[in-house]
Amino acid sequence: MIKSYLKIAWRNLIKNKASSLINIGGLAVGMAVAMLIGLWTWDELSFNKYHQNYDRIVQVVQKEKHLGNVNIWAHMPYRLINELKTNYQGNFKHIVIATEADNYYLSRGENKIAQTGQNIEAAAPEMLTLKMLHGSWAALNDPHSILLSASAAKKLFGNADPMDKTVKVSNTWDVHTTTDVKVTGIYEDLPQNTQFHETQFFMPWNLYAAADPRLSTMEWDDHHFLIYAEIQPGADLNKVSANIKDSELKVIRHLANMKQEVAANPEILLNPMKNWHLYSTFKDGVAERGPVQFVWIVGIIGCFVLLLACINFMNLSTARSEKRAAEVGIRKAIGSARGQLINQFFSESLLVALLAFLIALLLATLALPLLNDLSAKQIAIPFTNLWFWLACLSFILFTGLLAGIYPALYLSSFQPVKVLKGAFRAGRMASLPRKVLVVMQFTVSIILIICTIIIYNQLMFGKDRPVGYSRDGLVIVPMQSIDYQGKQDVLRNELKSTGAVAEVAESESPVTGISSSNGGFTWKGKEPGTEENFGTLTVTGEYGKTIGWQFKDGRDFYTGSAADSSGFVINEAAAKYMGLKNPVGETIHWKSKWNKVDNDYRIIGVIKDMVMESPYDAIKPVVFRLGGNPNWIFIRINPRVSVSGALPKIANVFKKIVPSVPFTYNFADEEYGKKFAAEEKIGKLTRFFSCLAIFISCLGLFGMAMFMAEQHVKEIGVRKVLGASVFNLWRLLSKDFVTLVIISLIIATPVAYYFMHKWLQNYQYRTEITWWIFAVTALGAVTITLLTVSYQSIKAALANPVKSLRSE
């Protein structure tokens with residue numbers, strides 16, 4: 001019986017080649033999109049699940065009200081680890097402290113490579129369930145050991161056995177100080193969708209502790225380290241979190257004893273590993289946003305695209321109902337039950353789904369590099385995974401049943417008496433479900449088009465925002481290495497003497513970020529109880545001329561001026577926050593334990609707001625002052641010299657003055673462009689899937705137009721004989737489709753507006769949803785519809801009426 005079903009299904013596909021091609025092609029595209037989105041979604045949802053103890057690993061964080069804002073601090077005080085181990089060890093199987101991942105040089109003989117690594121306690125390999133290729137989880141018990149990833153070992157040792165070999169390790173900021181460590185273990189490279197993917201090696205915490213004498217004197221306000229833990233098997237995370245909150249009493253007591261304005265109401269929280277990636281953004285101390293919003297958006301788009309492809313199948317199958325009516329009537333007359341007919345039609349849809357899947361698998365394989373490029377991932381199709389093929393089988397069955405359920409129920413319901421007497425006519429109401437499905441198709445497509453346009457507008461709105469300084473030709477060079485100490489003036493003079501550099505300056509923070517924020521400011525008219533949070537950046541006197549900031553009032557710093565050492569240059573946001581109408585000349589008192597200041601400062605200038613953080617957030621109040629501790633050097637390339645000509649000269653100066661530190665640099669415009677990464681990613685994905693959704697909808701529309709032209713062939717012939725023009729016939733065949741698209745526009749417009757208005761509320765600096773977006777979308781949708789159906793309409797209108805009427 002099944003063989004018979006499949007044979008008949010195959011014959012029907014061959015008989016109706018055009019509609020079969022549209023069905024299989026559209027379904028293949030839809031399935032390929034769903035498959036790609038499924039792989040991407042699984043990669044996101046399985047983030048960190050490589051670790052077997054994924055559901056029991058947590059990071060200890062601190063929630064704190066900081067200058068009016070509720071913040072989450074990932075870096076914890078060193079003293080907290082001892083508090084947890086002493087009083088709360090029973091709640092945990094493992095508790096480990098670690099340094100932040102940093103850049104190091106690993107060298108073996110003449111071979112020297114740059115890798116990212118961190119110091120962590122010896123229990124970490126077991127807690128993270130690293131898959132050891134050589135050695136064991138106890139590899140870090142030796143205080144002078146190193147645990148290498150397989151790729152790092154390959155780079156350093158090639159094909160030689162690395163075990164028990166000595167490696168020299170040095171920080172990139174202090175290449176002169178090296179430490180000899182012994183390779184005691186090699187672990188399998190961690191997949192990209194893990195938090196520790198970029199960490200290529202681990203060294204013992206004890207090695208770091210022995211080299212840092214500050215640990216014994218660190219206070220509760222010294223937040224420098226990361227603390228990870230694994231709760232006991234079977235323990236409830238919420239109960240452990242409730243128990244651990246007692247430890248915050250000591251934190252509160254110590255912070256309360258500090259005469260420091262920034263600490264208030266600290267709480268110790270356990271952030272589970274499942275939240276580290278998908279819920280990485282906190283609001284008011286609660287993890288609520290992050291990549292999970294993109295997972296939902298892309299997942300919904302994938303479901304809609306697959307639904308569009310299934311709608312095509314439903315429409316074309318039911319549209320040809322009159323041609324299948326006689327077949328159904330004869331089958332019922334000779335004894336076929338309705339259930340058998342349903343099975344027959346389901347076998348056809350499953351065969352189409354199977355053929356579409358094979359094409360979809362090929363399309364997905366070809367398109368996967370594009371998806372990886374758009375999403376910055378390294379996803380691969382797991383052909384050797386049994387679960388993947390079981391999921392594919394389920395996918396084929398689901399798609400086949402979804403696409404075939406309506407045609408099967410509809411076609412099997414025909415009455416054999418009416419069909420065989422020739423009294424069966426589909427009628428006007430029979431086309432209503434098809435029209436509803438077409439409206440659904442175009443509603444989804446139009447929503448995606450509107451969303452794509454608004455996302456693009458928001459992206460460009462942020463990019464077009466005035467940044468308050470000149471990014472063109474501005475080079476940023478990190479100078480955290482101690483080898484730069486005392487050489488800033490020499491570097492500046494040598495760089496300017498090359499003729500390729502117009503100006504040079506230093507700062508403690510990059511121009512695309514604010515590394516230091518403080519409170520403790522007092523000014524005339526300040527209301528009691530006001531909690532300010534100002535960016536506080538130290539710069540050299542040439543900073544303003546180098547980056548090209550723009551003054552609203554007052555003047556810039558004078559290089560070498562003793563008076564300006566107690567001067568502030570503030571931005572517009574700071575002046576507005578303090579309510580100073582004429583800020584230049586006003587005195588601000590700043591008292592800060594962190595920065596060891598308790599002085600009066602005079603405002604000497606007010607600059608236009610600079611976008612240093614997110615271009616979609618409100619500008620933060622910032623004060624600039626002259627000072628040391630530079631971490632970044634800014635180089636303004638001479639506009640009369642090309643970038644390609646200037647960079648070699650700049651690099652030669654750095655190699656001459658600081659030969660021990662590799663010359664690395666970034667352009668300010670490139671660093672600023674990275675701030676749009678999330679919006680660009682979702683913009684690219686929505687554009688890509690919107691185009692596919694429109695393609696699938698148009699494919700179905702083309703098939704429907706082809707069927708309608710075929711169905712009205714005699715009517716068209718009669719009208720032509722009676723004098724109807726080609727234009728009149730084209731309008732007759734096209735108006736129904738245009739009407740359906742207009743209905744789709746009426747439905748899609750408020751829906752798209754609602755969701756995109758809600759999405760834009762996530763941004764303080766946001767574009768407006770204007771009427772022209774909907775007008776352009778409407779015009780585009782109608783135009784695409786007319787172009788799609790016009791081919792079949794004009795072809796039918798130009799046909800010779802003799803051919804269609806000669807049998808009458």
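Predicted model: local features only at pLDDT ≥ 70, side-chain atom pairs only at ≥ 80, totals over all residues.
**The chain as a whole**

The protein chain contains 26 helices and 27 strands. Of its 808 residues, 50% are buried. The accessible surface of the chain is about 37,900 Å², and carbon and sulfur atoms account for 58% of that surface. Contacts can also be sorted by how far apart the partners are in sequence. Among contacts between residues at least 6 apart in sequence, 79% join residues at least 24 apart.

**Packed helices**

Two packed helices are described by the angle between their axes and the distance between the axes.

| Helix pair | Angle between axes | Distance between axes |
|---|---|---|
| α23 (residues 713-721) and α24 (residues 726-760) | roughly 150 degrees | within 10 Å |
| α16 (residues 432-463) and α24 | about 40 degrees | 7 Å |
| α17 (residues 488-497) and α20 (residues 643-657) | about 145 degrees | 10 Å |

The axes of α23 and α24 cross at roughly 150 degrees. Angles over 145 degrees count as roughly antiparallel, and α23 and α24 are therefore roughly antiparallel to each other. The crossing of α23 past α24 is right-handed. On the α23 side, the contact is made by Glu715, Ile716, Arg719 and Lys720, and on the α24 side by Leu729, Leu732 and Leu733. Sorted by type, the residues of this contact are four nonpolar, no polar and three charged.

Glu715 is found in helix α23. Is Glu715 buried, partly exposed or exposed? Its relative accessibility is 30%, so Glu715 counts as partly exposed. Along the chain, Glu715 and Leu729 are 14 residues apart, and their C-alpha atoms are separated by 10.0 Å.

Helix α24 also packs against α16, at an angle of about 40 degrees and with the axes 7 Å apart. That angle makes α16 oblique to α24. As α16 passes α24, the crossing is right-handed. The residues of this contact divide into 20 nonpolar, four polar and one charged.

The remaining pair is α17 and α20, whose axes lie 10 Å apart at an angle of about 145 degrees. The crossing of α17 and α20 is right-handed. From α17 the contact takes in Val490, Leu491, Glu494 and Leu495, while α20 supplies Ile650, Val653, Phe654, Lys656 and Ile657. By type, the residues of the contact of α17 with α20 are seven nonpolar, no polar and two charged.

**Residues in loops**

Asn48 is placed in the loop between α2 (17-45) and β1 (57-66). Its phi is near 75 degrees, which is a positive value in a residue other than glycine. With a relative accessible area of 0%, Asn48 is buried, since buried means under 20%.

Asp164 sits in the loop between α5 (150-157) and β9 (166-171). Asp164 is not a glycine, but its phi is positive, at about 65 degrees. Is Asp164 buried or exposed? Its relative accessibility is 54%, so Asp164 counts as exposed. The cut-off for exposed is over 50%.

Ile379 lies in the loop between α12 (338-375) and α13 (386-411). Its relative accessible area is 7%, so Ile379 is buried. Which residues does Ile379 touch, leaving aside its neighbours within four places in sequence? Ile379 is in contact with Leu39, Trp40, Asp43, Leu368, Leu371 and Asn372. The C-alpha atoms of Ile379 and Pro369 are separated by 8.5 Å, and these two residues are 10 residues apart along the chain.

How values were computed:
Residues numbered from 1 in each chain as written. Heavy atoms only, no water. Axes fitted to C-alpha atoms, helices over the stretch in contact; angles between N-to-C directions. Helix = DSSP H or I, 4+ residues; strand = E, 2+ residues; numbered from the N terminus. Parallel < 35°, antiparallel > 145°, perpendicular 65-115°, else oblique. Left-handed = near helix turned anticlockwise from the far one by under 90°. Contact = heavy atoms within 4.5 Å. Nonpolar A, V, L, I, M, F, W, Y, C, P; charged D, E, K, R; others polar. Buried < 20%, exposed > 50% of the residue type's maximum accessible area, 1.4 Å probe, protein only. Areas by Shrake-Rupley, 256 points an atom, 1.4 Å probe, with all protein chains shown as cover.
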